[in-house]
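Q: I'm new to this one. Can you walk me through it?

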Amino acid sequence: MTSSKPPFYITTAISYPNGTPHIGHAYEYIASDAMARFKRLDGHETYFLTGTDEHGQKMQQSAEKEGISPRELATRNSAEFKRVDDDVLGVSYDRFIRTTDEDHYAASTAIWRRMVEAGDIYLDKYAGWYSVRDERFFTADETEVRADGERYATETGTPVTWTEEESYFFRLSKYQQPLLDFFSKNPDFGGPRTRFNEVIRFVESGLDDLSISRTTFDWGVPVPKDLTADETSLDHVMYVWVDALTNYLTGVGFPDTESESFKKFWPADVHVIGKDISRFHCIFWPAFLMSARLELPKRVMIHGFLHNAGEKMSKSVGNVVAPAAWVQEYGLDAVRFFLLREFPFGADGSYTHEAVLGRKNSDLANNLGNLAQRSLSMVVKNCEGMIPQPGERTAADRRILAQADELLQISREAYDMQDFHRALERTWFVLGEANAYFAEQEPWKLKKTDLSRMNTVLYVTAEVVRKVALLAQPVMPDSATKLLDALNVEVSGDAGRTNASGAGPRSFEAFHTELVPGTALSKPTPIFPRHEEKTD
């Protein structure tokens, strides 16, 4: 696809495959997928990267408990994350990267070399509190001794152990002021602003140099021997976050900075991550890139956590939900819609069975589904099965069409800030107005008194449904496709799954091209049936 619009590169955080994916993982994948689909539909050549982060002590310890190698554990569990993306969530990624991929080892080695050349890596000894689960060191004042006599990280609640070992360090302190200067010049680098402010305050409080290698285990990317031979007799592996963050470069061809892919897509337009890893992405990652003399990403979107009825999901509590179970219960598009419509993406959100049903039955079945079904059924029955020829438009017609016309620009602005909630909120507000318009105009009565006016009302309503269906594609690709099929909109693209969606009657370039009178329609079938509770 050729386009005058700039390319767009989006990533999720790569998931740690120490367990199985849950609905919290799905939340991030679905949001990123909607973002990628929107940009493809809007004519941007888009590259979408996701995958798994497979190194580190936690993986090695888990593998040892199972009596298998870390690589075997990583391969097995990574395949499960990929299966959920492919078979459960329908995620439209362009590459599923694994940090055990051969090209990723080359990229990690290359960025390490660049940081050495910048004079930012040195050998020393580290002593501090380390959380294996978080793969992170904590200072003493970031930990607490609890009633059981054990020490835990205050922020994450994970147990920590005192660790002393030789380590390579990165001169993070050197980049405190450059980071603050960058944040000042790029106020939208982190979002939402409330979470980004927390990052800025942390940097302002002072940065210590960062331990970036380990010698007590070997499951990781080896530190290049030619950079260690004269300084140490120990074998070092890279700190898992150096390796993990570099995946965003690997995905677009680094270290070949002259490659077509790298020149086209780097720097990344947005990294979508959870709030628990904001420091790694908003502080460590920019500092590594500054040291390596590489451009920084344009934005890091920090989303909140998804809670079950207000409680944090936990295996011990037993409230962790598998994505497949949710999809089986409610349907994929209803799940996608709920997660992006119910609460702002940057805030913590909570879900209940009742809340999902409310969105599915009210917003989808009653609002969009009912309007489409009633209006298109009337077209088929009363307009010879064709989109009618509208007459002169009244103020009411022009008003509802103008509201629908504004939705594309509103959605563009919202999606650029990953504010999916706002885009959907406004779209469903217009749908509510369209339902009120349809009820007030009473086309079922007009068919007896004023056929020309009936035709206009049905045409206007169908046109609003078309615009909503186009914009719904990133969030509900299957249902939106069925809606556009019902309107007999010529097939083009694949609802944003690939860059083929950037042109044609189902792309956003056709948003303001109205329905053609005389287009034949088939009798519609309900696209959003109401959810019926299962009975034993």
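Q: How many salt bridges are there?
A: The count comes to 35 salt bridges. A salt bridge here is a side-chain nitrogen of Lys or Arg within 4 Å of a carboxyl oxygen of Asp or Glu. This is a predicted model, where local features need pLDDT of at least 70, side-chain atom pairs count only at pLDDT 80 or more, and totals for chains, interfaces and linings use all residues. Residues are numbered from 1 along each chain as its sequence is written, and side-chain values use heavy atoms, with hydrogens and water left out.

Q: OK, what does D94 pair with?
A: The side chain of D94 forms a salt bridge with that of R40, at 3.0 Å from N to O. The pair links distant parts of the chain, 54 residues apart. D94 is in the loop between α3 (70-88) and β3 (95-98), while R40 is in helix α1 (residues 23-41). Helices (H or I, at least four residues) and strands (E, at least two) are DSSP runs, numbered from the N terminus.

Q: Is R40 buried or exposed?
A: R40 is buried, with a relative accessible area of 0%. Buried means under 20% relative accessible area, exposed over 50%, and partly exposed in between (1.4 Å probe, protein chains only). D94 is partly exposed, at 37%.

Q: And which residue does E66 meet?
A: E66 meets R76 in a salt bridge, 2.8 Å from N to O. This pair also links distant parts of the chain: E66 is in helix α2 (residues 57-66) and R76 in helix α3, 10 residues apart. Both count as partly exposed, E66 at 41% relative accessibility and R76 at 43%.

Q: Where do E80 and R83 lie?
A: Both lie in helix α3. They are 3 residues apart, about one turn of the helix. E80 is partly exposed at 26% relative accessibility, and R83 is partly exposed at 34%.

Q: Which residues do shared partners join into one network?
A: R341, E342, R359 and D363 are joined by salt bridges that share partners.

Q: Switching to strands. How many residues of β1 are buried?
A: In strand β1 (residues 8-12), 5 of its 5 residues are buried.

Q: Which way do they point?
A: F8, I10 and T12 point one way, and Y9 and T11 the other way. In a regular strand the side chains alternate between the two faces of the sheet.

Q: What pairs with β1?
A: Strand β2 (residues 46-52) does, in the parallel sense over 4 bridges. Two strands pair if DSSP finds at least two bridges between them. F8 stands opposite T46 in β2. Strand β13 (residues 270-274) also pairs with β1, parallel over 3 bridges. There, T12 stands opposite V272.

Q: What do β1, α1 and β2 make?
A: They make a right-handed β-α-β unit. Right-handed means that, with the strands pointing away from the viewer, the path from the first strand over the helix to the second runs clockwise.

Q: How many bridges join β13 to β14?
A: 4 bridges join β13 to strand β14 (residues 300-303), and the two run parallel. One partner pair is G274 with H303 in β14.
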